[in-house]
Amino acid sequence: MAMSSSAFRVSLSFECRSDSVIISGALPRPDPPRFPHNLRSVTVNRPFGMSSLILRFPPNFVRQLSNKARRNCSNIGVAQIVAASWSNNLPPSPAAAAVDAAAVSAPIAAGEDVLVVVNNNNNEELDSSVQFEDVENVDKFSFLSGDGSVAIHAGERLGRGIVTDAITTPVVNTSAYFFKKTADLIDFKEKRSISFEYGRYGNPTTEVLENKISQLEGAESTLLLASGMCASTVMMLALVPAGGHIVTTTDCYRKTRIFIETFLPKMGITASVIDPADIAGLEYALDNHKVSLFFTESPTNPFLRCVDIELVSKLCHAKGAVVCIDGTFATPLNQKALALGADIILHSATKFLGGHNDVLAGCVSGTTEIISQVRNVHHVLGGTLNPNAAYLIIRGMKTLKLRVQQQNSTAQRMAELLEAHPKVKHVYYPGLKSHPEHEIAKKQMTGFGGVVSFEVDGDLATTIKFVDSLKIPYIAPSFGGCESIVDQPAIMSYWDLSQAERAKYGILENLVRFSFGVEDYEDLEADVLQALEAI
């Protein structure tokens, strides 16, 4: 196919350079790409019977190509061909077409949209087989075989929509996004183009993180929110109708239980609470209620119980219920809940994903259809993740595999050591044969996580002495960071309840939750042993 260009109308940022071409936005994901859907073409008659194809590039087109791609003339030619195929299927609205017609004859202004006029001087028919998919929808991560590599590069090296040659993803601190002219705004409103529009609806830095998590989880779409608790509550509000019914488990994060038991009933939403292993209880709830959602952690907090995700998903789907698994304790490296049949995987990204005890965030991943429902409610409620926080998690995830491998190993060895120690009554860890769901955990997990819960042989005061004798871990809430953290749930999370009320949830005064960081195992072992000797 021979083509020559008789006219170019370009922004001042275009230069010719012979660098290799990199087209951003290549990470396959369900949400529409940022730039192709608002390209429009107009055919005009020219002297001597020649016809020209005028390709009107959207305002964000230049910004959304990488710097190298923008400055490469050969890439402009590729963009012309690709844009032509897009425009064949995207007729403009009357209002936008009117503005386009005016733009064709109007003088170019600095910073205006890119318009390229391509002549087909040889009267050859443009190759209609050249499609967007030919350029973009290639699996550009096929060379990444491991989750560790995906955690580093997904959403960034080949899939980043931000214009930069920087290795690290920039932080885009903005509260709103502008449209260069009304026609662009109309295109956006009539869904021919995509824009973040307002900071509450999205951010380029945050989108990089969403793409990274989607790739790691095998999800179509991911939504980032301000915290893990925000992700849980918005998800439930979006997916459970007024008067609906939820099934959840006895062992769970306390604030989640409070929301289910205290807030949801105000909307007529009821709940069945079952033991994580109570399949008969789940079947009874499904048979006797119109269940909208099954929601649980796996492993759970703080006893690290495990749900048979594959079986639960099969039972729930047969009754039309959505399954959401909070996989915060597992991480995407140790467990792939979506591959096991769950509809949604939820994380408190504050924990292992961020991994440095310095940021709050939450996320939900799943199909585009389901996540879009959550996203719509999120846009109303406004629990938006700050782009600076998104950057911290992007940075943290680059070491995710290294951290999780170390934490898995340390926790497994410490669980075995604690179980054999005479001053420890009981240990809760899915990697131990004594754990009630050890076989389930082996079937659906590749590692058992970095948190171990155990009961010291003693009362509240004895347990306090053990915790206070530890030298390495911080006494703090949360888990999953580089630094080890220890706490007594009876004090940290349930101190406002009486001893009898705590016992209803299995929270005894001698219970300890230990989140192992990435310190050397030998140092942690010595510290735990000396603290046990102190009681």
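**View 1. The side chain of Ser484 reaches the backbone nitrogen of Gly517 at 2.8 Å.** The side chain of Ser484 also makes a polar contact with the side chain of Glu519, at 2.7 Å. A polar contact is a pair of N or O atoms within 3.5 Å; within protein, one must be able to donate a hydrogen and the other to accept it, and residues adjacent in sequence count only if both atoms are side-chain atoms. The model is predicted: local features need pLDDT of at least 70, side-chain atom pairs count only at pLDDT 80 or more, and totals for chains, interfaces and linings use all residues. Residues are numbered from 1 along each chain as its sequence is written, and side-chain values use heavy atoms, with hydrogens and water left out.

**View 2. Ser484 lies in the loop between strand 14 (474-475) and strand 15 (485-487).** Strands (E, at least two residues) and helices (H or I, at least four) are DSSP runs, numbered from the N terminus. Ser484 counts as buried because its relative accessibility is 0%; buried means under 20% relative accessible area (1.4 Å probe, protein chains only). Leaving aside neighbours within four places in sequence, residues in contact with Ser484 include Pro473, Tyr474, Phe514 and Leu524. Contact means heavy atoms within 4.5 Å.

**View 3. An open sheet is formed by 7 strands in the order 5-11-10-9-8-6-7, with mixed pairing.** Strand 5 (221-225) and strand 7 (270-274) are the edge strands, each pairing on one side only. Two strands pair if DSSP finds at least two bridges between them.

**View 4. Strand 10 (residues 344-348) pairs with strand 11 (residues 362-366) in the antiparallel sense over 5 bridges.** Ile345 stands opposite Ser365 in strand 11.

Technical notes. Buried < 20%, exposed > 50% of the residue type's maximum accessible area, 1.4 Å probe, protein only.
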